[in-house]
Amino acid sequence: MNEFREKIRALKAEFPVAASALIPAIHEAEARFGALTPEASAAIAEELGTKPEHVEAVASFYHLIKREGVGRFHFLVCTNLSCMICGAYDLFGWMRELLGKEPGAVTDDGLFSYEEAECIGACDMAPAVLLNGERVGPINTREKLSQLLEKLRKEAGNA
Amino acid sequence: MPETRIILEHVGEKGSESLEFYLGHGGYEAAEKALSMNPQDIIDAVKASGLRGRGGAAFPTGLKWDFVPKDDPRPRFVVANCDEGEPGTFKDREIVEKYPHLLLEGMLIAAKAIGANRGFVYVRAEYPKAQGILRAAVAEAERHGYLGENIRGTGFSFRVQIYGGGGAYICGEETALIESLEGKRGHPRLRPPYPVSYGLYGMPTVVNNVETLSNVPFILSRGPDWYRSMGTKDSPGTKIFTVSGGVRKPGVYEFKFGDITLRELIEEYAGGVIGKLVGVIPGGLSTPILRPEELDVKLTCEDLHRAGSLLGSGAVIVVNDAVPIAAVARRSLEFLAHESCGKCTPCREGSTWLARLFREIELGKKNGRIEKINHILDGMRGKCFCPLGEGAVAVAGAFINKYGEEL
């Protein structure tokens, strides 16, 4: 937490006004702790001279700020128009089927989670996902998704 | 008519994201020229070019810059809008991931024109790769003296910071973007005052779309007359179109405004429609859909406006029969309801009701729903705080008016 606090102070110094460091500090919390935890909110609030409630109020506005932990491999499955036209709802269904979990839940081995997302700007590879921030697509067959999950499982096993 | 690749000319060539590549292709020459120019002459050149904003509103860029108060001691800011949340749009992604220095050079010229020493690129949360590439590009430009203190020994300083968003479509609206940059929830501000006089931290601020700023170096180096020789009187220059949905060759295409029609873009460049064509959304989800018989419209701001839609961000979404049109309508309104920021009641409540009613129609419960939708649209039209809600009115209206029987 001390390192985290130091990082917030560094972020604060980068901006003309300290409040601008709030969202970057939240991203820093996500990177370090997997989510904006209550402890992280409190630390950010203290360093930026505001209240934890304000940190939460800002964070809750933004859809992609993680308030709870996700799997080691987190999928944002785009179901917006272009992806939907190219089969995103099938992909979403395969996700549920192959992972055996509802959106938002983490698989028991801690490896996978997924959620529905608005346009991720990968319409040229629809239906697409953001996998830990990286665009992957088109995932237009059940087989392709199954192979991808298998590859990720191996990756996790080797690490 | 063939493509005219000005912005995209070198995008995607090997190493195109590096400073070395960029300098080897004339990079930062326009900025060097601008740094020795009188700021008003830069503004006048951009005004004379007729460049209009590429984020969707098509506001004249030079005019925006000229509105920044001249004899005013307050610090100023240049903000590049890379929030690119309009569904179907991925043009700015192509520029910043593959040719980031073009944007940075455009920002530097804008900074010199309005007298700004600080700038930000607001990049959407969905583009972490772009954020990394931009951070590396800024560091490289600083190391070689193209950004930072005393640029090229001219005494002019300009520092750029990359700012990652949190995942909110509304932050593409410039005043919501500014609120977000200030560390707040992304609620749009009442305008006027406009950001040019009261923007980031209450200071004069120019917010321009990535593609808009990427046009600027070419205007400075080749001149406004060259720029005006492309496109139409009301829409000069080129435009990047992103085509996606039910087409064989989705991708990024750049044309002079007016060189081709929407139908030609889809059939001759994007490989044609997969299955049966049902409609085309010409400028991103928030622009009204056109029916198959309405596609012989030239791709300019004015022609699409006359056709009852908008050029928007140039995101062409081809709707085929892979999903029912009622599902397309429902998903569109669901998006707008999800992204409504909640600040004003007509948009917050109206968009939610629209999404619900379109879902009922999709499920086959049509009885009285269209009348209800029209009633809600009357309650929203002209009453929403920002363009998101008004966009929802236009989008929902187009689905009802053009596909009423088929929904």
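Helices here are DSSP runs of H or I with at least four residues, numbered from the N terminus. By that count, Met37(B) sits in the loop that joins helix 2 (29–35) to helix 3 (39–49) of chain B. The model is a predicted one.

**Met37(B)**
- Met37(B) counts as partly exposed because it has 16 C-beta neighbours inside 10 Å, and a buried residue needs 20 or more.
- Between Met37(B) and Arg124(B) there are 33 Å in space, C-alpha to C-alpha, and the two are 87 residues apart in sequence.

**Helix 9 of chain B**
- Helix 9 of chain B covers residues 210–222, and eleven of its 13 residues are buried, so the rest of the structure largely encloses it.
- Among the buried residues of this helix are Val210(B), Leu213(B), Val216(B), Pro217(B), Phe218(B), Ile219(B) and Leu220(B).
- Glu211(B), Thr212(B), Ser214(B) and Asn215(B) in helix 9 are also buried.
- Gly223(B) follows helix 9 of chain B and has a positive phi, near 95°.

**Contact between chains A and B**
- Chain A gives 32 residues to the contact, and chain B gives 45 residues.
- On the side of chain A that touches chain B, the elements giving two or more residues are helix 2 (22–33), helix 4 (52–59) and helix 5 (81–85) of chain A.
- Helix 5 of chain A supplies the largest share of that side, four residues.
- By residue type, the side of chain A that touches chain B has 21 nonpolar, seven polar and four charged residues.

Conventions
Residues numbered from 1 in each chain as written. Chains lettered and ligands numbered in written order. Predicted model: local features only at pLDDT ≥ 70, side-chain atom pairs only at ≥ 80, totals over all residues. Buried ≥ 20, exposed ≤ 12 C-beta atoms within 10 Å, placed from the backbone. Contact = placed C-beta atoms within 7 Å. Nonpolar A, V, L, I, M, F, W, Y, C, P; charged D, E, K, R; others polar.
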